Amino acid sequence: MRWFRASPVIVSMMMLGACFTLYDVPNYDPYVWENMGASEFGTFVEGLISSATIGELFILIPAILADRYPPAFVAWSGGVLILVGYGLIYMGWSSDASPRVWYYMTTFTFAWGTAWLYAACFVTVVTNVTKAIRGKAIGATLACFYFATSWYTEMTEYMFRNGHTTAENVAARHLFIAGVVFLCGGGLYKTSAADKCTGADLNLVNIMRCMLVLVVLHFCQWLMTGGVGDGDLAHFFAGDIPFFFTCLYPIAISATVCIILRNVAVFGVQFHKLPESEGDLGSAAGSSKRNPAGVSNPNEKFNLWKHFSSHAKELFLHTPQYLPVFFLFVVLIGTAQTMQNKYERINQMFGSYGEDMLPCGYHSMKTLGCLTTGALADSPAAPRRTYLLMCLAGAMTFAQIIFALDSTFPILCDFDIFPGEPFEKIPWFITAFSSGSLLTLVPVVELDWFGVQNIGLVHGTTMLGAIIGQVTLFNILGSFLELGEINYICTALCGGGIYVAPRL
């Protein structure tokens, strides 16, 4: 029974680690931009990035469905979207089409497919683990999710070292990764309350330690080589580490398939749903706060829009503690997404030192934020979670102050005054760490307040705040304001987050 309890969580981690790069590339690959004849600072590239990030954040619909239906079906539906999106790019349909809005649509399609996978795995994890390990389980799962960029980076640097590529070639390399969704999706299921997974079942502490080792290796490889891979295994940093990541990918997927086959052999093909007795989330979570995510009448025909609108009204109008959380996501995650999407301009701001280090470091620091905050969220000795939120808002504010000052006084990032690479990236890394921490901590807070029954609806609604923040700061304000001006606005907004966080 231990494997039965732990396997859906392990499968969730493996699948997210294998498939996150489906949205991440080719939208951040300058070589793809070059082959398409696009400027790296042009509106077309910014439109591609926006299509991808908005699609990835729009988990609301699949998360609601994952609350109500077996998560395996949600994951497989995402796999269909991924195959359609990348298939159209591979066939050249979107790149040959005019206007280029069709490329935005195909990009959004495969990115949204990743959101369906994210929603299925997220709901699976939070539903199946005990309350005592929620933070670590969410942190480890999201760490796999955000660290997955290194899978693609290390493998392609080792296996495709010419550097230049096209959108069609990138799509072809990702189509087989999309098959992982169909291969492993059947391993996602919900267990009953009596079969909740514990930290001992998962060996969760060792999983988090392994993730830290991978992050260290990743930083080591990029710091020593600047991200350059080499097929010569005599070159340890450029050869052996990428080779290790290349081998780790099929090993992890094979292990996932073996776990699924073992469960099928022992228990048969079945999908488990939470019993109806767990429906009242407020009481199930032991919370005296108002419960906006109660269970609908099981005999009533399900209407997704009606379901969302009725519960959203409860969240925003009758649950006062939810509004500050939503505000924090709009401001802080919106700021983080803007800084992530503006990495080329930030790189230029810092004198273009360590160009290849920026995307790698951002995702690695985001991973560290997930792991660190996940462990703190479960620790009885840690500060109150509202104080942790305040500290993260303060860290984000500090980073934006540095960005804003540098835009006004460029000498601050001169190597004669500011320490050398990679230390000139400190504010960007702080933003990444805080972003990963918030994406881990906020779901834990939501689970404390509302329980697990409709956590997909609650967290999917919160993720809409991240989309609002990105669209406002990156797409709207970024279209007519300089980066420095946006940094001053973000500084003021993040400072407001410091005031709001302790009042939850």
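## Salt bridges and the helices they link

Asp 378 and Lys 136 meet through their side chains in a salt bridge, at 3.5 Å from N to O; the term denotes a side-chain nitrogen of Lys or Arg within 4 Å of a carboxyl oxygen of Asp or Glu. This pair links distant parts of the chain, with Asp 378 in helix H19 (residues 357–378) and Lys 136 in helix H9, 242 residues apart. Asp 378 is buried at a relative accessible area of 16%, and Lys 136 also counts as buried, at 18%. Here buried means under 20% relative accessible area, exposed means over 50%, and partly exposed lies in between (1.4 Å probe, protein chains only). Helices (H or I, at least four residues) and strands (E, at least two) are DSSP runs numbered from the N terminus.

The structure is a predicted model, in which local features need pLDDT of at least 70 and side-chain atom pairs count only at pLDDT 80 or more, while totals for chains, interfaces and linings use all residues. Residues are numbered from 1 along each chain as its sequence is written, and side-chain values use heavy atoms, with hydrogens and water left out.

## Further ion pairs

The count of salt bridges comes to four. One of them joins Arg 5 to Asp 201, with the closest N and O atoms 2.9 Å apart. Arg 5 belongs to helix H1 (residues 2–19) and Asp 201 to helix H12 (residues 199–202), so that the pair links distant parts of the chain, 196 residues apart. Arg 5 is buried, its relative accessible area being 19%, and Asp 201 is buried at 11%.

Another salt bridge brings together the side chains of Asp 448 and Arg 134, at 3.9 Å from N to O. Because Asp 448 lies in helix H21 (residues 426–450) and Arg 134 in helix H9 (residues 134–147), this pair ties together parts that are 314 residues apart in sequence. Arg 134 is buried, with a relative accessible area of 10%. Salt bridges that share partners join Arg 134, Arg 385 and Asp 448 into one network.

## Overall architecture

The protein chain has 23 helices and zero strands. Of its 504 residues, 58% count as buried. Among contacts (heavy atoms within 4.5 Å) with a separation of 6 or more, 86% are between residues 24 or more positions apart.

The accessible surface of the protein chain comes to about 19,200 Å², of which 66% belongs to carbon and sulfur atoms. Accessible areas come from the Shrake-Rupley method with a 1.4 Å probe, and for residues only the protein chains shown count as cover.

Val 84 lies in helix H6 and is partly exposed, at a relative accessible area of 41%.

## Cysteines

The count of disulfides comes to zero, where a disulfide is a pair of cysteine sulfur atoms within 2.5 Å. For Cys 494, the closest cysteine sulfur is that of Cys 490, 6.0 Å away and too far for a bond. Cys 494 counts as buried at 0% relative accessibility, and Cys 184 is buried at 1%.
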